[in-house]
Amino acid sequence: MLKRALLTAVLLTTGTTLAACGGSDDTAKDAGASGVDCTYQPDGSQASVKRPSSTAAYDGDVSATLTLDSGAVPLTLHAGDAPCTVNSFASLAKQGYFDGTTCHRLTTDGIFVLQCGDPTGSGSGGPGYAFDDELKGAKALQDDPVGQGAKTYAAGTVAMANAGPNTNGSQFFLVYADSPLPPDYAVFGTMDAAGLQVVKDVAALGTATGESDGAPKQPVTIKGVSVS
């Protein structure tokens with residue numbers, strides 16, 4: 001079964017960051033135009049939802065709300081940069097895929113993210129399909145002072161987690177403080193200030209074990225996701 005443990009920590013020259021197994025090329029065709037062709041391939045795991053349409057349904061910025069039990073997190077999804085990613089996220093949201101799932105991972109040192117979207121809560125679950133990376137937004141981020149090709153995934157960024165190139169599924173992460181990461185994670189949205197504060201409040205309580213990487217001490221459940 002395809003693993004989505006993703007975001008494996010590795011040591012860079014000045015701190016800890018998250019790295020995929022390797023680089024990949026931008027794969028979205030004509031990003032920013034409606035009707036972009038998308039491919040969602042079965043990944044060998046049990047399919048739990050219908051696969052999204054093979055034609056991207058959104059263009060430009062799209063409003064969405066990720067409702068956690070701790071508060072609402074308004075999002076702006078960037079379909080211009082990541083049409084197939086937004087298409088998948090919206091499809092899963094409309095099917096109720098995220099409803100009742102937990103945000104299973106919090107990191108609090110070097111990189112600062114809350115990871116969600118795995119219905120199993122194990123870090124290895126997904127929707128039964130995978131799709132290619134759309135890295136236009138990631139590559140456009142500012143270079144991070146840590147160097148070695150890292151970019152600054154700024155506080156408020158929403159990006160896809162993965163298990164290597166072109167293994168996107170349903171898991172995503174919410175960046176609550178600036179984090180140095182390689183541009184291997186598809187950036188597909190941003191949180192507004194109020195939503196970012198909701199995630200910061202969860203992060204401030206730390207992990208259940210007190211370590212820098214683990215389940216949040218305050219369990220976080222997604223009540224629903226709406227996309228305009």
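Entry 1: My search of the whole structure gave 1 cavity of 30 Å³ or more.

I then asked which residues line the largest cavity. The lining, meaning residues with an atom within 4 Å of a point, consists of Thr 85, Ser 88, Phe 89, Leu 92, Phe 98, Phe 131, Met 160, Gly 169 and Ser 170. Helix 1, residues 83-94, gives the most to this lining, with 4 residues. By class I counted 5 nonpolar, 4 polar and no charged residues, where Ala, Val, Leu, Ile, Met, Phe, Trp, Tyr, Cys and Pro count as nonpolar, Asp, Glu, Lys and Arg as charged, and the others, Gly among them, as polar.

**Entry 2: conventions.** I kept in mind that residues are numbered from 1 along each chain as its sequence is written. In this predicted model local features need pLDDT of at least 70 and side-chain atom pairs count only at pLDDT 80 or more, while totals for chains, interfaces and linings use all residues, and side-chain values use heavy atoms, with hydrogens and water left out.

**Entry 3: the chain.** I recorded 3 helices and 15 strands, which are DSSP runs numbered from the N terminus (helices H or I, at least four residues; strands E, at least two). Of the 228 residues, 53% count as buried, that is, under 20% relative accessible area, with exposed over 50% and partly exposed in between (1.4 Å probe, protein chains only).

**Entry 4: Lys 151.** Is Lys 151 buried or exposed? Lys 151, which is found in strand 9 (residues 151-153), counts as buried because its relative accessibility is 12%. I saw that a polar atom of its side chain lies 3.3 Å from the backbone oxygen of Lys 139. Leaving aside neighbours within four places in sequence, Lys 151 is in contact (heavy atoms within 4.5 Å) with residues including Lys 139, Asp 143, Asp 144 and Pro 180.

**Entry 5: Asp 59.** I placed Asp 59 in the loop between strand 3 (41-42) and strand 4 (61-68), and Asp 59 counts as partly exposed because its relative accessibility is 40%. The C-alpha atoms of Asp 59 and Pro 83 are separated by 6.8 Å, although these residues are 24 apart along the chain.

Note on methods
Polar contact = N/O pair within 3.5 Å; in protein donor to acceptor, adjacent residues only side chain to side chain. 1 Å grid on protein atoms, 1.4 Å probe; cavity = no way out; pocket = protein on both sides within 12 Å on 5 of 7 lines; lining within 4 Å. Points joined across faces, edges and corners; volume = space filled by probe spheres on them.
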